[in-house]
Amino acid sequence: MKPGLHTAALALMASLATHAAPAQTARTLHADSSHSFAVYVGGPRDAAEGIVLVHDFFGVSPFFLGAVDRLAKHGYRVVAVDLYDGRRATSHAEASALLNGLDTALAARKIDAAIAEVAARQRRLAVIGFSMGGRKALEAALRDSAVVATIEWYGETINDPIRLKHLAGPALLVVGSKDGPSAAENAAAFSKAADDAGAAAEIYVYPGAAHAFAQPLFNQGTTYDPVATDIAWQLTESFLKRAFTAAPRNTRAPIRHARSSASGGH
């Protein structure tokens, strides 16, 4: 994309993100007795399927909130976790500082609490993670058999067949062919590990796309690829529909620590 067109496109996206009325609302959940955190919730309360979203290293960004709205319009109950406690990054330096300060154990408890919140109405459940959040979403799926579908967009994988045996449903990995020197090779390794584990995994390597191709904040937008992003969403939505159709309805009883309270919309 030419520099002038690139700048204009980013300005238009920022304007749309600023003026569009968000469909999601902010709520508060509890990771444990001493830690509360924010989530962004969208979609019908009585939805039969739910999705937990885990953000990339920028935190809660316009792209992340847009993902809530997009999935909610498909009729899913969506809960997007804020692992940074309200702090947000717009540059790589800011994002790196937030990531370096992240308590990974607490982050895992936050994701687990969000899963418990969504599963409380016995919904079929999926988790989706972007970049940094991809690995965290996959780890959550390995911890909780209520998760019947796992999706990673350009995230770090787990290629241990013994661990992948704990997946209760299929996984989808979407990466770009230019996402580092070994992204395609790692995708193939994840596919083989899933096969060895007896787990279903779908792998899509988008030609020419870089890491975080769907995040306009990454590399100041120079590697943002709207076509690859649209294809990734189409793959994601098709995968969710098929995975939810094949999965039995969740019958797990509600988990008590996943309490929630309203904290106003953002």
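Predicted model: local features only at pLDDT ≥ 70, side-chain atom pairs only at ≥ 80, totals over all residues.
Among the elements covering the buried residues of helix H2 are strands E2, E3, E4 (77-81), E5 and E6, together with helix H8. Of the 11 residues of H2, 8 are buried, so the helix is largely enclosed by the rest of the structure. The buried ones are Phe63, Phe64, Leu65, Ala67, Val68, Asp69, Leu71 and Ala72.

Take Leu71 as an example of who meets whom. If you skip its neighbours within four places in sequence, Leu71 is in contact with Ile51, Leu53, Tyr76, Val78, Ile128, Trp233 and Leu240.

## The chain as a whole

Stepping back, the chain has 8 helices and 9 strands. It runs to 266 residues, and 49% of them are buried. Its accessible surface comes to about 12000 Å², with 56% of that belonging to carbon and sulfur atoms.

Searching the whole structure turns up 10 aromatic pairs. In one of them, the ring centres of Phe64 and Phe130 are 6.4 Å apart and the planes sit at 90°, so this pair is edge-to-face. Phe64 belongs to H2 (residues 62-72) and Phe130 to strand E5 (residues 124-130), so the pair ties together parts that are 66 residues apart in sequence. Are these two rings buried or exposed? Phe64 is buried, at a relative accessible area of 1%, and Phe130 is buried too, at 1% relative accessibility.

Trp153 and Phe213 make another aromatic pair, this one stacked, with 6.4 Å from centre to centre and 20° between the planes. Trp153 lies in strand E6 (residues 147-153), while Phe213 is in the loop between strand E8 (201-210) and helix H8 (226-246), so parts that are 60 residues apart in sequence are tied together here. Trp153 is buried, with a relative accessible area of 0%, and Phe213 also counts as buried at 0%. Both pairs take part in a cluster in which ring pairs link Phe63, Phe64, Phe130, Trp153, Tyr154, Phe213 and Trp233.

## The nonpolar core

The largest nonpolar core holds 85 residues. Which of them touch the most other members? They are Ile51, Leu53, Leu71, Phe130, Trp153, Leu164 and Leu240. Helix H4 (residues 104-119) gives the most to this core, with 8 residues.

## Two helices side by side

Two packed helices are described by the angle between their axes and the distance between the axes. For H4 and helix H5 (residues 132-143), that angle is about 60° and the axes are 10 Å apart. The crossing of H4 past H5 is right-handed. On the H4 side, the contact is made by Thr104, Ala108, Ile111, Asp112 and Ile115, and on the H5 side by Lys136, Ala140 and Arg143.

## A proline in a loop

Pro44 is found in the loop between strand E2 (35-42) and strand E3 (49-54). With a relative accessible area of 31%, Pro44 is partly exposed.

What does Pro44 touch, not counting residues up to four places away in sequence? The answer is Ala72, Gly75, Tyr76, Arg77 and Arg123. As for Arg77, it is 33 residues from Pro44 in sequence but 5.6 Å away in space, C-alpha to C-alpha.

## Two positive phi angles

Ser131 is not a glycine, yet its phi is positive, at about 50°. You will find Ser131 in the loop between E5 and H5, and it is buried, with a relative accessible area of 15%.

Ala212 is another residue other than glycine with a positive phi, near 55°. Ala212 sits in the loop between E8 and H8 and counts as buried at 3% relative accessibility.

Terms used
Residues numbered from 1 in each chain as written. Heavy atoms only, no water. Phe/Tyr/Trp six-rings, centres within 6.5 Å; stacked < 30°, edge-to-face > 60°. Helix = DSSP H or I, 4+ residues; strand = E, 2+ residues; numbered from the N terminus. Buried < 20%, exposed > 50% of the residue type's maximum accessible area, 1.4 Å probe, protein only. Core = buried A, V, L, I, M, F, W, Y, C linked by side-chain atoms within 4.5 Å. Contact = heavy atoms within 4.5 Å. Areas by Shrake-Rupley, 256 points an atom, 1.4 Å probe, with all protein chains shown as cover. Axes fitted to C-alpha atoms, helices over the stretch in contact; angles between N-to-C directions. Left-handed = near helix turned anticlockwise from the far one by under 90°.
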